[in-house]
Amino acid sequence: MRFMIIVKATAETEAEALLGDTALMAEMSTYHQQLSQAGVLLDANGLKPSREGWRIRYGSDASGKPTRQVSDGPFAETKELIAGYTLIQVRSREEAMEWARRFPAPMGAGRPAEIEVRLLYEPHELDDFPRAAAD
């Protein structure tokens, strides 16, 4: 089972204010080393601020024709943003929960922060979804 631990962005992460917090970076590095040593770490990384990204919104115009609208960052609402992620592969939801409980406070001890843990679809589960016909 693969799970993604998602670190929610804050105004500080958008301003890159935590990059200089060597204690926090060391704690996060130690956690990821523990995941790696346990053989459950698939990937982990921080994301650059939204000012370096863009969004594409899909919709339709008045006639029903599909549209795509590109918007450059930064994005004002940080609660919709992700600051980083850790991707793990474990045997059970309970094991994922245990690792998530050990995740360091992403903004530093005692500071408001939020992580979200989501289960990924496994490749065999996607076999049930319709596929495009081969040309």
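**Strand pairing, burial and a pocket in a predicted model**

Q: What makes strand 1 and strand 6 (residues 115-119) a pair of strands?
A: Strand 1 and strand 6 are joined over five bridges, in the antiparallel sense. Two strands count as paired when DSSP finds at least two bridges between them, so the five bridges meet the criterion. The model is a predicted one.

Q: How do you know that strand 1 also pairs with strand 5 (residues 82-89)?
A: Seven bridges join strand 1 to strand 5, and at least two are required; therefore these strands are paired as well. They run antiparallel. Within this pairing, Met4 has Leu87 of strand 5 as its bridge partner.

Q: Why is strand 1 (residues 2-8) called largely enclosed by the rest of the structure?
A: Of the seven residues in strand 1, five are buried, so the strand is described as largely enclosed.

Q: Why does Lys8 count as buried?
A: The relative accessibility of Lys8 is 19%. The term buried applies under 20%, so Lys8 falls within it. Lys8 belongs to strand 1. Leaving out residues up to four places away in sequence, Lys8 touches Lys79, Leu81, Ala83, Met107, Glu114 and Glu116.

Q: What makes the approach of the side chains of Lys8 and Glu116 a polar contact?
A: The polar contact between these two side chains has a distance of 3.0 Å. The limit for such a pair of N or O atoms is 3.5 Å, so the Lys8 and Glu116 pair lies within it.

Q: Why is His32 classed as buried?
A: His32 has 16% relative accessibility, and buried means under 20%; His32 is therefore assigned to that class. His32 is found in helix 2. Apart from its neighbours within four places in sequence, His32 is in contact with Leu41, Ala44 and Thr86.

Q: What residues and elements make up the lining of the largest pocket?
A: The lining consists of 26 residues, and Leu19, Met25, Gly46, Leu47 and Ala83 lie nearest the centre of the pocket. Helix 1 (11-14), helix 2 (22-37), strand 2 (41-46) and strand 5 each supply at least two lining residues. Strand 5 gives the largest share, five residues. The volume of this pocket is about 530 Å³.

Q: How many residues of that lining are nonpolar, polar and charged?
A: The lining divides into 17 nonpolar, six polar and three charged residues.

Terms used
Residues are numbered from 1 along each chain as its sequence is written. This is a predicted model: local features need pLDDT of at least 70, side-chain atom pairs count only at pLDDT 80 or more; totals for chains, interfaces and linings use all residues. Side-chain values use heavy atoms; hydrogens and water are left out. Buried means under 20% relative accessible area, exposed over 50%, partly exposed in between (1.4 Å probe, protein chains only). Helices (H or I, at least four residues) and strands (E, at least two) are DSSP runs, numbered from the N terminus. On a 1 Å grid over the protein atoms alone, a cavity is a set of points where a 1.4 Å probe fits but cannot get out, and a pocket is an open set with protein on both sides within 12 Å along at least five of seven lines; lining residues have an atom within 4 Å of a point. Grid points are joined across faces, edges and corners, and a volume is the space filled by probe spheres set on the points. Ala, Val, Leu, Ile, Met, Phe, Trp, Tyr, Cys and Pro count as nonpolar, Asp, Glu, Lys and Arg as charged, and the others, Gly among them, as polar. A polar contact is a pair of N or O atoms within 3.5 Å; within protein, one must be able to donate a hydrogen and the other to accept it, and residues adjacent in sequence count only if both atoms are side-chain atoms. Contact means heavy atoms within 4.5 Å.
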